[in-house]
Amino acid sequence: MSLISFGSRVFRSYYLHVLGRRGCSTAAFMPESAGFDGVSSRSALHEFSVSNSETFWAALARHRLSWMSPFHTVHDCDLSRGRIRWFEGGKLNVSVNCLDRHVQTCPEKVALIWEKDEPGSEVKVTYRQLLDMTCRLGNLLRRRGVKKGDCVTIYMPPCPLAVASMLACARIGAAHNVVFAGFSAESLSERIRDAQSSIVITVNQGVRGGKLTQLKKTVDTAVQSCPNVRHVFVSMRTENPVAMTERDVDMEEEMLKEDAVCEPAAMDSEDVLFMLYTSGSTGKPKGLVHTQAGYLLYAAVTHRYVFGYSDGDVFGCVADIGWITGHSYAVYGPLANGGTTVLFESTPVYPDPGRYWETVQRLKINQFYGAPTAIRLLLKYGDQWVQKYDRSSLKTLGTVGEPINTEAWQWYYSVVGGERCPVVDTWWQTETGGICIAPRPSEPDAEIIPGMAMRPFFGIKPVLMDTKGKVLTSNDANGALCIAQPWPGMARTIHNDHERFKETYCQQYPGYFSTGDGAHRSKEGYYQITGRLDDVINVSGHRIGTAEIEDVVNQCPDVAESAVVGYSHDIKGEGVYAFAVLKKSVEAEEGVLSKQLKDLVSQKIAKYASPDCIQFVERLPKTRSGKIMRRVLRKIVEGDTNGLGDLSTVDDPAVIQEIIQSHNKHFRKQ
Ligand code: AMP
């Protein structure tokens, strides 16, 4: 097939040729580096990738993607205007890159392992089978009127048909808009309308933690206020029938009638691949737009190098496909690399807190990628749930989504990884498309400091800005984290609102991409994320990240997790208010523990950072993706319970009521 000009076979022979010629470890690590002048170490490779980003990314794009026609311009970007374009002139198809080229070389290799909610009932899908599903679904979408440039909304839990739906859109040139299947009907309909979708794909029911959720019913409610929706495709996750109308399409039945060959659309590098909604500082969610070639290349390269992924490994990213982590590291990165990727449908505590490690043992997972919130939760249940299972397959452990405190990091490293596996704390965002700062890649044995993302990825040049917008050049500095030059994986715009994109990301520090996060650069030059800038507290004129205080509070052996917020304080400007969840077995006297924690913070950071108030709570309010909702806690502390804002993403609203009641009872007057 002439379509596949650089399949993995060609890539492998290039790789061997380079190795034979150079025999040097950098070329073995990254074959393209053989063509980069003067690069003989991994740190030199990073420097080259930043100062010669055109040469670097062009070489990787040529060798790691299959092009229908080559690109003529590596990039054409002007960050201050929010103009970001990579690999223009090139044409490719993302589904061909994720499927066809691997089907050519290894059709029976397992592409997906669907770890269903019911433990021990995993389903394996080969590359050949996934291509078959994708093509049939692509043809069905086309038959139902979906055209290049349309956007299809996908409201499904992680499962092979959800991945096939994403890839089917890519195959026919439609964009996808995956909405996390835990969102309410209202949030779903807002996203369907904003994305102007005429087709929604869903399942009859979801199954998670042993419970059924009525996803099709939620879609029925949502589409009542979406007049553009012409069809709802319904696949059957359970055997329970659901009410179907003329508008609804029995997806599996209709797919069987379709041809298993589907001509891939030739897409321009900068055509839209998907949009994904995320919350901003305002109430209205924003649809971040990612395009074809740059996103795919960046997801593939970060997947390989941050996690040390090699051919034959089983990659276990337990994030839901409804979040960017699921997009980049459960689907696109692993599949572009011809890997085997796990789709995790369950929860970390179902049927018991050993679920992750039992899955690791059974599926022989080599890289495990999860969220700090889950690690902290599991830590509470004790080591025995981990030690029960064989984890010898594990090579790398990763975390993402929020800062990981030292205690959780240590537990992950020592108990889960048996001190054998590097832990990579990966910093990135929906906006960045893929990992931007992580301890690996680096020189093979380079140090990893607990709870620090540390090193920028290839092509990433982080800078810290002071409050006046000046670049901080020295180490041991705190500032607003920006990225100084464009990289292929970054979002291109906000759907229907390029002005908001420019204002939020490009104009705050003109010429730089502003991440909205704060960071510390250590004496050694390593980066540590200190939290969202809106989570920074200014106490008596001293800035302190809530994450820094939480890290110390969490080091107390009695504390399972905590959340710190600022509140207005008559004298200091802002005071520090900490919420702490105690471990299950703890019976300490709250007054004593409170004093201990305050002393600990004074001791570990500074007196000014010590919490003015500590409220012990059973649980913290979290989003469905596990992020602590500090914004809500701040409002409770301020006594503004009528203005809690958008609660559509809260996992369990009852938690908020519990905290308000105990706050009113004990703390209101403080
Ligand atoms: P999202 O776009 O939902 O993935 O959220 C991205 C945000 O999560 C970032 O802007 C950070 O505030 C936070 N985040 C992600 N990864 C990390 C990390 N490794 N350390 C600290 N914060 C993180």
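**Helix packing and beyond**

Modeller: Helix H20 passes helix H21 in a right-handed crossing. Keep in mind that this is a predicted model. H20 covers residues 630-638 and H21 covers residues 653-666. Two numbers are used to describe a pair of packed helices: the angle between their axes and the distance between those axes. For H20 and H21 the angle is about 25°, and the axes are 10 Å apart. H20 is therefore roughly parallel to H21, because angles under 35 degrees count as roughly parallel.

A second pair can be set beside that one. Helix H8 (residues 185-195) packs against helix H9 (residues 215-223) at an angle of about 55°, and their axes are 8 Å apart. That angle makes H8 oblique to H9. The crossing of H8 and H9 is right-handed.

Next comes the ligand. Around the ligand there are 13 residues, and the closest are Asp-425, Thr-426, Gln-429, Thr-430 and Asp-517. By type, the shell divides into five charged, four polar and four nonpolar residues. Two strands each supply at least two residues of this shell: E20, which runs over 423-426, and E26, which runs over 527-532.

Gln-429 has a polar side-chain atom 2.9 Å from an oxygen atom of the ligand. For Thr-430, a polar side-chain atom is 2.7 Å from a ligand oxygen atom. Taken alone, the ligand exposes 500 Å², and the protein buries 87% of that area.

In the loop between E20 and strand E21 (462-465) sits Pro-441. The peptide bond that joins Arg-440 to Pro-441 is cis, with omega about 5°. Another cis peptide bond joins Tyr-350 and Pro-351, and here omega is about 0°. Pro-351 lies in a loop as well, the one between strand E17 (340-344) and helix H13 (355-363).

Phe-87 is part of strand E2, residues 86-88. Its phi is near 60°, a positive value in a residue other than glycine.

Technical notes
Residues are numbered from 1 along each chain as its sequence is written. This is a predicted model: local features need pLDDT of at least 70, side-chain atom pairs count only at pLDDT 80 or more; totals for chains, interfaces and linings use all residues. Side-chain values use heavy atoms; hydrogens and water are left out. A residue is near a molecule or strand if one of its heavy atoms lies within 4 Å of it. A polar contact is a pair of N or O atoms within 3.5 Å; within protein, one must be able to donate a hydrogen and the other to accept it, and residues adjacent in sequence count only if both atoms are side-chain atoms. Accessible areas come from the Shrake-Rupley method with a 1.4 Å probe; for residues, only the protein chains shown count as cover. Helices (H or I, at least four residues) and strands (E, at least two) are DSSP runs, numbered from the N terminus. Ala, Val, Leu, Ile, Met, Phe, Trp, Tyr, Cys and Pro count as nonpolar, Asp, Glu, Lys and Arg as charged, and the others, Gly among them, as polar. Axes are lines fitted to C-alpha atoms, for helices over the stretch in contact, and angles run from 0 to 180 degrees between N-to-C directions. Angles under 35 degrees count as roughly parallel, over 145 as roughly antiparallel, 65 to 115 as roughly perpendicular and the rest as oblique. A crossing is left-handed if the near helix is turned anticlockwise from the far one by less than a right angle, and right-handed if clockwise.
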